[in-house]
Amino acid sequence: MKRTSVKDALNAKESVSDILVKGWVRTKRDNKGFSFLEINDGSCLKNIQAIIDHTPEIEAELEKVSTGASVSVGGELVESPGKGQKWEVRGTSIELLGAADPGTFPLQKKRHSDEFLRTIAHLRPRTNKFGAMFRIRSELSYAIHKFFRDKGFFYVHTPIITGSDCEGAGEMFRVTSLDHDSLSKLKKEDQGSSDFFGQESHLTVSGQLSAEMYALALGQVYTFGPTFRAEKSNTPRHAAEFWMIEPEVAFADLNDNMDLGEEMVKYLINHILEKCADDIELFAKFVDKTLMDTLKNTLDNEFVRISYTDAVDLLQRCKKAKKFEFWPEYGEDLQTEHERYLTEKHFKKPVIVYDYPKEIKPFYMRVNDDNKTVAAMDLLVPRIGELVGGSQREERLDVLESRIAETGMESEDYWWYLDSRRFGTAPHAGFGMGFERMLMLLTGVTNIRDVIPFPRTPKNLEF
C-alpha cells in the first residue's frame with residue numbers, strides 16, 4: 001500500500017478505511033490493552049496519533065519501539081475524540097523499521113538547548129523547532145525563485161571557484177590541488193602557476209562580478225548559491241559558508257535598487273506567513289514573542305531612507321551615543337549596535353542607509369558627483385542589522401580603472417570585467433541578500449548557526 005504523509009492524513013476531508021503512515025515515534029504511552037504513538041514524518045509540524053490495540057503479534061513488536069524509532073502503522077483513519085486533533089489512526093498493524101536505543105538516543109520529550117542541539121546537528125531536524133526551521137528554509141528558497149521568475153529575471157549559475165576577489169578584503173579560502181608537501185616546497189610566487197588552474201584560486205565570496213556580465217546581456221538576472229568567507233568572526237551573525245541572493249539589473253540606478261530590495265523583503269515575508277503559518281507560529285510562541293509584531297510592522301510601513309552622513313549625525317546626537325561600545329564616526333562602517341538603534345529605537349522600522357564614503361566601500365560601486373561618496377545602500381532590519389547590501393555599479397571605464405588602482409588591485413586581473421565597460425556599457429545596479437539573515441528575521445532566531453543545517457564556523461567542521 002502507498003504511504004500517506006502525516007500532513008495529508010491530518011488534512012483529510014473524510015475518514016479512510018485503509019491507510020498506511022510511516023514516521024518517527026515522538027512519544028509512546030502504553031496502557032492496559034492498547035498503546036498510543038505520536039508519529040511525525042517531517043511533512044508538517046503536527047504529529048498524528050496512532051492507537052493500537054494489543055494482540056500477541058503487536059505487543060511483541062511494540063516492545064521494540066521507543067522514542068526515535070521509525071515505524072510503519074497500518075489501519076483506519078478515523079475522527080479523534082481528543083482535543084486539538086481532527087483525525088487519528090486506529091492501527092491494526094505495526095512494523096518496526098528502525099530501532100532507537102532508549103539508553104543512548106539523545107532526543108527526549110523535553111526542551112533541549114540550542115547549544116546542545118548544535119552538538120547533534122545530524123539529529124536536531126527531528127525536533128519541532130528545527131523541523132519547522134528547515135521547512136521554512138525550503139519554502140523560502142522556493143519563494144526567492146518565484147519572486148524573480150514572476151518579475152522576468154533569469155537565474156544564472158556563477159562560479160564557486162574563482163580567481164577574483166569581489167570584495168577586495170582578501171578573506172578568501174584558497175583552493176588547491178597540491179598536497180601540503182608539494183605546496184611547501186614551492187616559492188610563494190610559484191605556487192599559483194604550479195597549481196591546477198595555473199594561478200591562485202579561491203572559493204567565491206560573491207557571484208556579483210559574473211552576474212553583472214549577464215545582466216549586461218539578459219537585462220535582469222539573479223544568482224542564489226553558496227558563498228564563503230575566511231573571516232575569523234566567531235559571532236552569532238557570521239558563518240564561513242552561507243547562501244546569498246544576488247540580483248543584477250541593467251539600466252537601473254540606486255533608487256531602483258532600493259525599491260527592489262524593499263519589495264523583495266516584503267514579498268518573502270508575505271509568502272512565508274501564508275505558506276508556513278504553523279511553523280512560524282511555533283517561533284512566535286517559543287522563540288520571540290514579538291516576532292509577529294516585527295513582521296507586520298515590516299510589511300505595513302515604507303522603509304526609511306536616510307543618507308549615511310545624516311545617519312552618522314543622528315547617531316552622534318542621540319541620547320544613547322555615550323553608551324555605544326563604538327562611537328559612530330564618519331568614515332567608519334556602522335556597527336550592529338548603530339544599525340539596531342536606527343531600526344529598533346529611533347525609526348522603529350526597517351531603514352535603508354545610502355551614499356557611503358567611497359573609502360569604506362568596494363571598487364565597483366559608482367562614485368557620486370561629490371567624488372566623496374558612492375551610490376551604495378544597506379537595508380537594515382530590527383534584531384539583525386544589515387540584511388541587504390548593494391549599489392549602483394560604476395559603469396564608467398576611466399573611473400572604474402582609477403578605483404581599482406586606488407584599492408591596490410591590478411587591472412589586469414579584471415580585464416574581462418573592464419571589457420563590459422568598453423563594449424556597450426550601461427548603468428546597472430544590484431545587491432546581495434544574506435539568505436540566513438532573512439531566515440533569522442522570519443523566525444526570531446538570533447544565531448546563524450541555528451538556521452543552517454550544518455554550520456561551518458571557525459574551528460568547527462563537524463558533520
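In this predicted model, Cys318 counts as buried, because its relative accessibility of 10% falls below the limit of 20% that is set for buried residues. Cys276 is likewise classed as buried, because its relative accessible area is 6% and the limit is again 20%. The structure as a whole holds 0 disulfides. Cys276, accordingly, takes part in no disulfide, and the nearest cysteine sulfur, which belongs to Cys44, is 12 Å away.

Helix α9 covers residues 277-286, and within this helix Asp279, Ile280, Leu282, Phe283 and Ala284 are buried. In an α-helix, residues three or four places apart point the same way, because there are 3.6 residues a turn.

Strand β10, which spans residues 220-228, is mostly covered, since 7 of its 9 residues are buried. This strand is paired with β6 (residues 154-155), to which it is joined by 2 bridges in a parallel arrangement, and here Tyr155 has Tyr222 of β10 as its bridge partner. Strand β10 is also paired with β11 (residues 241-250), in this case through 9 bridges and with the two strands running antiparallel. Within that pairing, Gln220 stands opposite Val249 of β11.

Attention now turns to the surface, where Ile160, Ile161, Phe196 and Phe197 form a nonpolar patch whose accessible area comes to about 420 Å² together. Of these residues, Ile160 is located in the loop between β6 and β7, the latter strand comprising residues 161-162. Ile160 is described as partly exposed rather than buried or exposed, because its relative accessible area of 38% lies between the limits of 20% and 50%.

Another loop residue, Ser43, is found between β2 (34-40) and β3 (48-53). When neighbours within four places in sequence are left aside, the residues in contact with Ser43 are Ser5, Val6, Lys7 and Arg135. Ser43 and Ser93, by comparison, are separated by 50 residues in sequence and by 22 Å in space, taken from C-alpha to C-alpha.

Notes
Residues numbered from 1 in each chain as written. Predicted model: local features only at pLDDT ≥ 70, side-chain atom pairs only at ≥ 80, totals over all residues. Heavy atoms only, no water. Disulfide = S-S within 2.5 Å. Buried < 20%, exposed > 50% of the residue type's maximum accessible area, 1.4 Å probe, protein only. Helix = DSSP H or I, 4+ residues; strand = E, 2+ residues; numbered from the N terminus. Pairing = 2+ DSSP bridges. Patch = residues over 30% accessible without salt bridge, like charges linked within 9 Å, V, L, I, M, F, W, Y side chains within 5 Å. Areas by Shrake-Rupley, 256 points an atom, 1.4 Å probe, with all protein chains shown as cover. Salt bridge = Lys/Arg side-chain N within 4 Å of Asp/Glu carboxyl O. Contact = heavy atoms within 4.5 Å.
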